[in-house]
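Trainee: I would like to learn how to read a protein model with a ligand in it. Could you walk me through one, feature by feature?

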Amino acid sequence: MKAWQVSQYGEPQDVLDLAEVPRPEPGPGQLLVRVLAAAANFPDALLCRGTYQVRPPLPFTPGVELCGEVVAVGPDVTGFSPGDRVIGGSLLPSGAFAEYALMGAALTMPAPAGLGDAEAAPFHITYQTGWFGLHRRAGLTAGETLLVHAAAGGVGSGAVQLGKAAGARVIGVVGGPEKAAVARDLGADVVVDRHSEDFVAVVKDVTGGRGADVVYDPVGGDAFRRSTKCIAFEGRILVVGFASGDIPSAALNHALVKNYSIVGLHWGLYQQRDPGSVRDCHAELTRLAAAGAIRPLISERLPLADVPDGIRRLADGSTTGRIVFLP
Ligand SMILES: NC(=O)c1ccc[n+]([C@@H]2O[C@H](COP(=O)([O-])OP(=O)(O)OC[C@H]3O[C@@H](n4cnc5c(N)ncnc54)[C@H](OP(=O)(O)O)[C@@H]3O)[C@@H](O)[C@H]2O)c1
């Protein structure tokens with residue numbers, strides 16, 4: 001089968017090689033799937049660079065998320081049959097930027113019926129991260145103000161939709177006028193172009209000086225530091241990621257004086273520690289998708305050959321929504 005492989009760490013466009021490799025065999029607890037669509041995620045770039053929290057043995061195939069069709073099941077696997085359409089994470093080193101991939105049966109979900117393969121591929125990580133962040137960690141309630149950084153991006157676009165579905169007022173921060181249009185189309189009530197406007201001033205203005213109750217921050221750096229200037233009394237800043245490459249330090253005296261919380265989010269840990277809640281979340285997200293409240297924003301459907309360039313552009317911050325690769 002064809003698979004993109006990383007044999008040494010570096011920039012995605014430099015270290016990804018398209019190779020002919022043996023099809024993996026599913027071991028105990030595993031599924032072999034034919035990749036129907038693979039979603040590009042920021043961690044795919046970090047995996048290529050060797051800077052992600054997970055470092056699979058070299059060589060490996062990246063592609064952390066997919067929609068696939070079950071081809072074979074491991075010896076002890078029940079509940080899945082060849083032909084099932086499924087979504088979830090891949091089992092590295094046999095990732096999704098290939099014709100076939102491995103998945104863990106315990107963490108694999110049925111693909112929502114109303115979504116095509118391309119839309120189903122990025123459904124899992126985007127919305128699970130948003131749901132656990134906004135609801136389980138931050139306790140967002142209807143009527144609150146939610147500030148979303150990188151609101152036209154992958155996880156950001158999902159957080160805008162989930163925030164609106166929860167009855168929050170959503171302020172989206174984006175880089176550039178084209179992304180501003182995307183965030184508006186996603187349903188953000190107020191959109192701030194960080195290249196030309198100060199989001200702190202806008203948040204204070206539209207909340208009558210109160211600030212945002214919840215901040216969803218996949219960017220870090222100045223996005224985090226400036227968010228502390230416009231967080232509400234008893235507000236919650238969700239630390240989702242550091243797409244800027246800048247991991248900021250928190251001034252705890254400031255958190256004390258202003259009565260706000262800095263809340264870490266590592267969604268992957270829920271898969272290990274509380275898989276039942278991940279399945280419950282999937283059922284709720286499937287219901288929201290069926291009701292039309294959430295729908296993945298697919299900006300580009302690309303052939304497998306375009307993986308290096310797509311991951312490079314995602315890492316550069318120039319993409320919107322999700323890029324999906326169709327083998
Ligand atoms: N905590 C968790 O469990 C969890 C789960 C999933 C993902 N994540 C993290 O969430 C982050 C976003 O992932 P994603 O796949 O959804 O990516 P993404 O948001 O689609 O892309 C990153 C966005 O960050 C913004 N950005 C600001 N400064 C940037 C810079 N210097 N370089 C690149 N981008 C910059 C850009 O949007 P603007 O130009 O509009 O600002 C860019 O589009 C990553 O750090 C990822 O690891 C965390």
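Mentor: Gladly. Let us begin with a term: helices and strands here are DSSP runs, numbered from the N terminus. Ala38, for example, sits in strand β3, which covers residues 30–39. Keep in mind that this is a predicted model.

Trainee: Is Ala38 buried or exposed?

Mentor: Buried means under 20% relative accessible area, and exposed means over 50%. Ala38 has a relative accessible area of 1%, so it is buried. Setting aside residues up to four places away in sequence, Ala38 touches Glu65, Leu66, Ala96, Phe97, Ala121, Ile323, Val324 and Phe325.

Trainee: How far is Ala38 from Glu119, C-alpha to C-alpha?

Mentor: Ala38 and Glu119 are 81 residues apart along the chain, and their C-alpha atoms are separated by 9.9 Å. Glu119 belongs to helix α3, residues 117–120. Its relative accessibility is 15%, so Glu119 counts as buried. Beyond its neighbours within four places in sequence, Glu119 contacts Arg295, Pro296, Ile298 and Arg301.

Trainee: And what does Tyr52 contact, leaving aside neighbours within four places in sequence?

Mentor: Tyr52 is in contact with Pro43, Leu46 and Leu47. It is placed in the loop between α2 (42–49) and β4 (65–73). Because its relative accessibility is 22%, Tyr52 counts as partly exposed. For another pair to compare in sequence and space, Tyr52 and Arg322 are 270 residues apart in sequence, with 20 Å between their C-alpha atoms.

Trainee: How many residues of α4 are buried?

Mentor: The count is 11 of the 15, so α4 is largely enclosed by the rest of the structure. Among the buried residues of α4 are Phe123, His124, Ile125, Tyr127, Phe132 and Leu134. After α4 comes Gly139, which has a positive phi near 60°.

Trainee: Which residues other than glycine have a positive phi?

Mentor: Backbone angles deserve a look residue by residue. Ala150 has a positive phi near 50°, and Ala150 lies in the loop between β8 (145–149) and α5. With a relative accessible area of 33%, Ala150 is partly exposed. Asn259 has a positive phi near 60°, and Asn259 is in the loop between α9 (252–258) and β13 (261–264). Asn259 is partly exposed too, at a relative accessible area of 38%.

Trainee: Where are cis peptide bonds found?

Mentor: Omega is the angle to read here. Another cis bond runs from Leu92 to Pro93, with omega near 15°. Pro93 is in the loop between β5 (85–89) and β6 (100–104).

Trainee: Now the ligand. How many residues surround the ligand, and which are the closest?

Mentor: The shell around the ligand has 29 residues, and the closest are Gly154, Val155, Lys179, Arg194 and Leu265. By class, the shell holds 15 nonpolar, 10 polar and four charged residues.

Trainee: Which helices each supply at least two residues of that shell?

Mentor: They are α2, α4, α5 (154–165) and α12 (307–316). The most comes from α12, which gives three residues.

Key: Residues numbered from 1 in each chain as written. Predicted model: local features only at pLDDT ≥ 70, side-chain atom pairs only at ≥ 80, totals over all residues. Heavy atoms only, no water. Helix = DSSP H or I, 4+ residues; strand = E, 2+ residues; numbered from the N terminus. Buried < 20%, exposed > 50% of the residue type's maximum accessible area, 1.4 Å probe, protein only. Contact = heavy atoms within 4.5 Å. Near = heavy atom within 4 Å. Nonpolar A, V, L, I, M, F, W, Y, C, P; charged D, E, K, R; others polar.
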